[in-house]
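Please look over the sequence and the model shown here before reading on. The report below goes through a few of its features in turn.

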Amino acid sequence: MADNMDRENAQDFVLISVVLCTHNHAERLVRTLEDLGRVEAPSSPWEILAIDNASTDATAQLLADTAWRPSGVPVRVVREERLGLSNARNCAIREARGRYLLFFDDDETPVSGWLVAFEKAMLDHDPDALGGRISVLFEHGERPAWLQDELMGFLGNLDHGEDRWLTDPATPFYGGNFAVRNDVFSKAGDFDADLGRMGEVNIGGEDTEFYRRLVARNFRVRWVSRAIINHRIRADKLKRSYFLELHYRQGQTEGSRKRGAGKRLPPGYLFGQLARATGKALRQRFSLGSNHSLRLEMNAVYFLGYIQGWIAR
């Protein structure tokens, strides 16, 4: 009886659920699916779990097509009507059959050995979570002159060097290329549904908040340097306003949470921080030009959003 149960469990075992959450990105999704179908398959069983997050474009048809699907790999498509990346990822937690959930985004291209690198780290170290390198790949044009190196992290660029354990909560950790062992969620909780992209509104921060939660509770997080994904960025559509909006909305969220049940009038020091940040941004822009001032402008709009979020809560 025990041998039969072991064989049955072995037949049902899935090491990795590759999770792709998508919302109204049909144009970008075409290449993502094609590239996913070309990755080197791991030796362990794996599946693909696509979460259609309330899409209204051609996403459902693309996911239903079988042409892109790797031969012999189970593929499931689940629709999540509650808009929001965190909602979609939380849906995947409920649906995934794998020991590990490996998340990546609908505008990314994994390198050939991506899955194999994660598989090796999972089998060798049995970590609670893993993160991999993200490189930015510009399409349809060149990198804009105003996009300084210090801003690349906001496009997901991430490289922590050689393989190691991550223990510092301040270490950047992005949701475009990371895995979590399935049973961790029952202990650490789901993704915060108030954070993360919601349709066209990009609040962000859900990945960082979840990573910090893991580190605070002493979960083992492994960095896998050879598990590489390319984040495809359309240079012709890249605008300064994206970075400014991202920081403004982050400020709104944090200001609202910080106030809690406190007084509606923000503390006076916040206005001082806003004034100083605005002054630094203006001085940088006038002295070095607009190609060198965006990072400081982002700081200024963050404080503006923080104050607005505090008042509007």
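Is C21 buried or exposed? This is a predicted model, in which local features need pLDDT of at least 70 and side-chain atom pairs count only at pLDDT 80 or more, while totals for chains, interfaces and linings use all residues. Residues are numbered from 1 along each chain as its sequence is written, and side-chain values use heavy atoms, with hydrogens and water left out.

C21 is buried, with a relative accessible area of 8%, where buried means under 20%, exposed over 50% and partly exposed in between (1.4 Å probe, protein chains only). The table lists the relative accessible area of buried residues, C21 among them.

| Residue | Relative accessible area |
|---|---|
| C21 | 8% |
| C91 | 3% |
| D192 | 18% |

The structure holds zero disulfides, a disulfide being a pair of cysteine sulfur atoms within 2.5 Å. For C21, the nearest cysteine sulfur is that of C91, 7.9 Å away.

D192 sits in the loop that runs between α6 (185-188) and β9 (197-198); such helices (H or I, at least four residues) and strands (E, at least two) are DSSP runs, numbered from the N terminus. Apart from neighbours within four places in sequence, D192 is in contact (heavy atoms within 4.5 Å) with S86, E206, E209, R213 and R257.
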